[in-house]
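Thanks for making the time this morning.

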Amino acid sequence: MGTLSPRTVLVLTVVLAGLWAPCVVCEQPNFIVILADDVGWGDLGANWAETKETPHLDQLAAEGTRFVDFHSAASICSPSRASLLTGRLGVRNGVTHNFAITSLGGLPRNETTLAEVLQEVGYSTGAIGKWHLGHHGQHHPNSRGFDYYFGIPYSNDMGCTDTPGYNLPPCPSCPRHSEAYRETRKKCYMEVALPLFENVTIIQQPVNLSSLATRYVEEAARFIQQASDNRRPFFLYLALAHMHVPLGVPPSPSTSTYGASLSEMDALVGQIKQIADSHGKGNTLLWFAGDNGPWAQKCELAGRLGPFVGAWQRQKGGSSAKQTTWEGGHRVPALAYWPGHIPAKRTSHALL
């Protein structure tokens, strides 16, 4: 197995600057990047005491390093994802707005992704979850450095979905519970049903959102096992549908729809951590973060901003969350877990 290229070392060093504990890496490590969608800084219990639904993420924070001043590169989906995979801001990589169902383009072909860099040095690369960087032709994940892809091509509100199915444009911003609302809600679906892809093949349409989290875990486990069987290091990019509306988990007597969905996401992260550890604890760097802040326009279906409420902005009738340059829009929870390499029980205040 060859050594990491200088470019790979540079990319990973930028991500982990100042975090390395004294150690010698004897083999190429595995990488898992879990990206939550529309998650709030305060949705992590380790960040915000009022949050009780994230015991697995809180444990991950306790066993690794927690970043309290970590910022996504943009406060909307496509630009932040393009920056995550290229290491370049939207003004440089050309992605400054979200791609739509009707978009023919995507992340420019002259941009190099982290998956392409790692693929060149022998890594097995997989993308599971939301892509949102172009879904036609050479913009597909399989053409951008990923050996395997399983997921949805854009946001889970971009097309017909299963229950609860509310909050689809042009529906009212906030959910309603009246019979009249349920009737008008049917008119909110768009003409193109949301597809689920395995590589370039649509395997389900419309996708069943309520079972999507389980399928993501199953596919992640299979991908990791296959890479292990082939004795290859792997890079897994897991881009969740949580916590973007519509939320696919019904409420319970003890929690809201949002709380139930947050608990499901937390359990998913716990399962991925357990799978990674089972293939050799200390061999895999697991990174968790969000693509941008919560979608405040969705009222009780939006996440927690923590202390970053933008009091002045709210007084003017606006939001301090997603789609804004206020801190609630781009300051997101972030965790790094790598036993033996990244310090445990550490909180970093570094601006990243």
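This is a predicted model: local features need pLDDT of at least 70, side-chain atom pairs count only at pLDDT 80 or more; totals for chains, interfaces and linings use all residues.

Let me begin with Thr86, which is buried, with a relative accessible area of 9%. Thr86 is found in helix α3, and its side chain reaches back to the backbone oxygen of Ala82 at 2.7 Å. If we set aside the neighbours within four places in sequence, the residues in contact with Thr86 are Asn93, Leu107, Glu111 and Thr112.

Where does helix α3 lie? This helix, residues 77-86, lies across β1 (30-36) and β7 (234-239), and it runs at about 170° to β7. An angle over 145 degrees counts as roughly antiparallel.

That brings us to the strands, and here I will step back for a moment. The secondary structure of the protein comes to 10 helices and 10 strands, and 10 strands form an open sheet whose order is β6-β5-β4-β3-β7-β1-β8-β9-β2-β10, with mixed pairing. The edges of this sheet are β6 (201-204) and β10 (346-348), each of which pairs on one side only. On average, and with direction ignored, neighbouring strands of the sheet are turned by 20° against each other.

Now to β1 itself. How many of its residues are buried? The count is 7 of the 7 residues, so β1 is largely enclosed by the rest of the structure. Both of its faces are covered, with Asn30, Ile32, Ile34 and Ala36 buried on one side, and Phe31, Val33 and Leu35 buried on the other.

Is Ser124 buried or exposed? At 11% relative accessibility, Ser124 counts as buried, since the cut-off for that term is under 20%. Leaving aside the neighbours within four places in sequence, Ser124 is in contact with Asp147, Phe223, Ala227, Arg232, Pro233, Phe234 and Phe235.

Further along we come to strand β4, residues 148-151, which pairs with strand β5, residues 196-198, in the antiparallel sense over 2 bridges, with Phe150 standing opposite Glu198 in β5. Glu198 also stands opposite Thr201 in β6, and 3 bridges join β5 to β6, which run antiparallel. These two strands, β5 and β6, form a hairpin with 2 residues between them, and Asn199 in the turn has a positive phi of about 55°.

Turning to another part of the sheet, I would like to look at Arg66, which is found in strand β2, residues 65-67. Arg66 is buried, with a relative accessible area of 16%, and its side chain is joined to that of Thr347 by a polar contact of 3.2 Å. Apart from neighbours within four places in sequence, the residues in contact with Arg66 are Ala46, Asn47, Ala61, Ala334, Leu335, Arg346, Thr347 and Ser348. For Asn47, which lies 19 residues away from Arg66 along the chain, the C-alpha atoms of the two are separated by 8.8 Å.

Helix α7, residues 212-229, and helix α8, residues 257-278, pack at an angle of about 10°, with their axes 10 Å apart. The two helices, α7 and α8, are therefore roughly parallel to each other. On the α7 side, Ala213, Val217, Ala220, Ala221 and Ile224 meet Glu264, Leu268, Gln271, Ile272 and Ile275 in α8. The residues of this contact divide into 8 nonpolar, 1 polar and 1 charged.

Among contacts between residues at least 6 apart in sequence, 72% join residues at least 24 apart. Thank you, and I am happy to go back to any part of the model.

Terms used
Residues are numbered from 1 along each chain as its sequence is written. Side-chain values use heavy atoms; hydrogens and water are left out. Axes are lines fitted to C-alpha atoms, for helices over the stretch in contact, and angles run from 0 to 180 degrees between N-to-C directions. Helices (H or I, at least four residues) and strands (E, at least two) are DSSP runs, numbered from the N terminus. Angles under 35 degrees count as roughly parallel, over 145 as roughly antiparallel, 65 to 115 as roughly perpendicular and the rest as oblique. Contact means heavy atoms within 4.5 Å. Ala, Val, Leu, Ile, Met, Phe, Trp, Tyr, Cys and Pro count as nonpolar, Asp, Glu, Lys and Arg as charged, and the others, Gly among them, as polar. Two strands pair if DSSP finds at least two bridges between them. Buried means under 20% relative accessible area, exposed over 50%, partly exposed in between (1.4 Å probe, protein chains only). A polar contact is a pair of N or O atoms within 3.5 Å; within protein, one must be able to donate a hydrogen and the other to accept it, and residues adjacent in sequence count only if both atoms are side-chain atoms.
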